[in-house]
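Here is my note on the model you sent. Please read it with the structure open.

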Amino acid sequence: MNPAPNLFLIGPMGAGKTTIGRRLAEQLQLPFHDLDHVIEEQTGAAIPLIFELEGEAGFRRRECAALADCTALDGIVLATGGGAVLDPHNRELLAARGFIVYLETAVDIQLSRLARDRKRPLLAAPDRRERLEQMAALRNPLYRSIADLTVISDNEHAAHVASELIQRLQQQWRREPAPAAA
Ligand SMILES: Nc1ncnc2c1ncn2[C@@H]1O[C@H](COP(=O)(O)OP(=O)(O)O)[C@@H](O)[C@H]1O
Ligand SMILES: O=C(O)C1=C[C@@H](OP(=O)(O)O)[C@@H](O)[C@H](O)C1
Ligand SMILES: [Mg+2]
């Protein structure tokens, strides 16, 4: 629960980390970074191509490097990718360097939001529900283990989730000092 100079969004694919993170950064007037976007810029390739050429292991190595770079910054909002919490060192860096918000989302909601998605290689499975449920079983305890704040991200309006999140953060910061921008 340490107030820290960064806000990190964690949670599964389709939770709205990228969408809500961008809104949150705008409203808090902080720079926004999306970990997947940073990986794509550093690699010069889109996420599906990285998976195709280097496999998930190669993507994870790049994700660790990008996360180390992003968590070295101060005063940012960072939307992580859903699997960033799998690596124990990533979890340590996130916990040490920022305030962690877990966007909790039901598999049904993920399925409907991502129904037409073709940019998330891990969803290229014959049974998407089964894949998401397997990932949730492994990852949800990890999200919970490092979250400073958990917000249910099931509402169909991203703006609604973002404003609830800001209210919850303000309540939190009334109890503890607000994170200072760099
Ligand atoms: N609260 C929400 N309600 C409805 N759709 C949402 C909401 N948050 C995100 N979305 C949509 O779901 C999809 C995935 O959102 P995204 O922000 O990319 O999630 P993540 O980064 O967690 O994978 C996008 O099409 C986005 O517009
Ligand atoms: O859950 C995962 O392992 C992944 C989530 C994706 O990001 P989002 O959570 O932003 O969709 C992206 O990092 C990659 O496709 C792998
Ligand atoms: Mg995202």
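1. **Terms and ground rules.** Two strands pair if DSSP finds at least two bridges between them. Helices (H or I, at least four residues) and strands (E, at least two) are DSSP runs, numbered from the N terminus. This is a predicted model: local features need pLDDT of at least 70, side-chain atom pairs count only at pLDDT 80 or more, and totals for chains, interfaces and linings use all residues. Residues are numbered from 1 along each chain as its sequence is written, while chains are lettered from A and ligands numbered from 1 in the order in which they are written.

2. **Strands 4 and 5.** Strand 4 and strand 5 pair in the parallel sense, over 4 bridges. Tyr 102 stands opposite Thr 150 in strand 5. Tyr 102 is also the bridge partner, in strand 4, of Ile 10.

3. **Strands 1 and 4.** Strand 1 (residues 7-10) runs parallel to strand 4 (residues 99-104), and 4 bridges join them. Leu 7 stands opposite Phe 99 in strand 4.

4. What is the order of the strands in the open sheet? The sheet has 5 strands in the order 2-3-1-4-5, with parallel pairing. Strand 2 (32-34) and strand 5 (149-152) are the edge strands, each pairing on one side only. The twist averages 20 degrees from one strand to the next. Helix 7 lies across strand 4 and strand 5, and runs at about 155 degrees to strand 5. Axes are lines fitted to C-alpha atoms, for helices over the stretch in contact, and angles run from 0 to 180 degrees between N-to-C directions.

5. **Helices 2 and 3.** Helix 2 (residues 35-43) packs on helix 3 at an angle of about 110 degrees, with their axes 9 Å apart. The two helices, helix 2 and helix 3, are therefore roughly perpendicular to each other. That label covers 65 to 115 degrees; under 35 is roughly parallel, over 145 roughly antiparallel, and the rest oblique. The residues of this contact divide into 8 nonpolar, 2 polar and 5 charged. Here Ala, Val, Leu, Ile, Met, Phe, Trp, Tyr, Cys and Pro count as nonpolar, Asp, Glu, Lys and Arg as charged, and the others, Gly among them, as polar.

6. **Helices 3 and 4.** Helix 3 (residues 47-71) and helix 4 (residues 88-97) pack at about 10 degrees, with their axes 10 Å apart. Helix 3 and helix 4 are therefore roughly parallel to each other. Cys 64, Leu 67, Ala 68 and Thr 71 in helix 3 meet His 89, Asn 90, Leu 93, Leu 94 and Arg 97 in helix 4. Contact requires C-beta atoms, placed from the backbone, within 7 Å.

7. **Ligand 2.** The residues surrounding ligand 2 include Met 13, Lys 17, Thr 18, Asp 36 and Arg 120. This shell divides into 4 nonpolar, 4 polar and 3 charged residues.

Conventions. Two residues are in contact if their C-beta atoms, placed from the backbone, lie within 7 Å. A residue is near a molecule or strand if its C-beta atom, placed from the backbone, lies within 6 Å of it.
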